[in-house]
Amino acid sequence: MEKKIIAAIACLMLTLSGIAQETVSFPLEKHSDGHYYFQADVYGQKTEIMLESGIPALLIGRDFYDCNMKDCGLEFRPSESRMRLMNGSYRISFRADGRVGVGGAVYDGPVFILEGFDGISLPVQHLKDRKTGRRIVTVDLERLSMSVGGTVPVKGSKYRMTLDRETGRPFVSSYFYIDGQAFDGKLIVDLGNPMLLFLFSQHRCLKNAVAKGAIELHDAYDRNGRLVAQGISAGSVKLFGKEYGNVSVGVTDVYRNAREVGFLGTPFFDSPVVMDFDKGWLYK
């Protein structure tokens, strides 16, 4: 009996060791636009990819599609739909669902080919390691690293994370403070947003705070005098048990039908954050 127990423990340790070795790592690079990128082989082409999570699909420019993906095996369907990003609106030429090799990992989800779009942007919620298919992604922007696979931490805080049924974007419910003013609602986890918070102007929390004078919005104009953005200069933001000082909070009215309070951006990932998309937990 004792030998059987020892053998079982040895087998378990070997299995856990094997799981740990399935982790695929990608060095990250921060560009001057505030976004993070990594390089990986996609259809035989060494490609620079923008790190994302606030978009509904793998976004690929038409030029890359024409040069590398005509015979990739995915069943693309023509489309006349459009999608809006923060920098503009794009026509979706083709769309598909399927697996795309990304270096040592696999993307498994929607794929959009965009007209006039430059490069590739990848939402990490659809990344898996090749052998186990585990959708566990760790991002540490301080150390400029991302990994796919592995295990979740046994210590630290964890927060329930859900994928939106329509867009596939991950969000967490949050209760936070901006200069003492309380906000609550869903925050979209957005690795493509360089601001800690980017709020939607139509959400009740922000509308109420502005109406009663608790929050002041500052306007930004272009050289022609047109209003291009709004924001909040916050002395303090308390979010997920941490206080951030002197924070610029963005405000947009682009997403008029959004139900969330806004985006949770990259400054939140200044220390390792583990996202378990299989079981719906975010660890920090």
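Tutor: The model is predicted. We begin with burial: a residue is called buried when its relative accessible area is under 20%, and exposed when that area is over 50%.

Student: Why is valine 124 counted as buried?

Tutor: Its relative accessibility is 0%, and the limit is under 20%, so valine 124 counts as buried. Valine 124 is found in the loop between β10 and β11 (127-129). Leaving aside residues up to four places away in sequence, valine 124 touches Leu51, Glu52, Ser53, Val137, Met146, Leu191, Met275 and Phe277. One of these, valine 137, is 13 residues from valine 124 in sequence, and their C-alpha atoms are 7.2 Å apart.

Student: How do you know that the buried residues of α3 line one face of the helix?

Tutor: The buried residues of α3 (residues 204-211) are Cys205, Leu206 and Ala209. Viewed down the axis of α3, these residues fall within an arc of 95°, so they line one face of the helix. In general, an α-helix has 3.6 residues a turn, so residues three or four places apart point the same way. After α3 comes glycine 213, with a positive phi near 80°.

Student: Which residues have the most contacts inside the largest nonpolar core?

Tutor: They are Ile178, Leu197 and Met275, in a core of 66 residues. Outside the four places on either side in sequence, leucine 197 touches residues including Phe176, Ile178, Leu187, Val237 and Phe263. A second, separate core has 10 residues, among them Ile55, Leu59, Tyr90 and Leu114.

Student: What makes a space a cavity, and how many of 30 Å³ or more are found?

Tutor: A cavity is a set of points where a 1.4 Å probe fits but cannot get out. A search of the whole structure finds 1 cavity of 30 Å³ or more, and the largest cavity holds about 30 Å³ of space. Its lining consists of Val42, Ile49, Leu58, Ile60, Val100, Val102, Ile120 and Leu122. Val, Leu and Ile count as nonpolar, so the lining has 8 nonpolar, no polar and no charged residues. β5 (58-61), β8 and β10 each supply at least two of the lining residues.

Student: What is the volume of the largest pocket, and what lines it?

Tutor: The volume of the largest pocket is about 1200 Å³. A pocket, by definition, is an open set of points. The lining of the largest pocket has 49 residues, with Ile55, Arg84, Leu85, Met86 and Tyr255 nearest its centre. By class, that lining has 21 nonpolar, 13 polar and 15 charged residues. The largest share, 4 residues, comes from β7.

Terms used
Residues numbered from 1 in each chain as written. Predicted model: local features only at pLDDT ≥ 70, side-chain atom pairs only at ≥ 80, totals over all residues. Heavy atoms only, no water. 1 Å grid on protein atoms, 1.4 Å probe; cavity = no way out; pocket = protein on both sides within 12 Å on 5 of 7 lines; lining within 4 Å. Points joined across faces, edges and corners; volume = space filled by probe spheres on them. Core = buried A, V, L, I, M, F, W, Y, C linked by side-chain atoms within 4.5 Å. Buried < 20%, exposed > 50% of the residue type's maximum accessible area, 1.4 Å probe, protein only. Contact = heavy atoms within 4.5 Å. Arc of directions from axis to C-beta.
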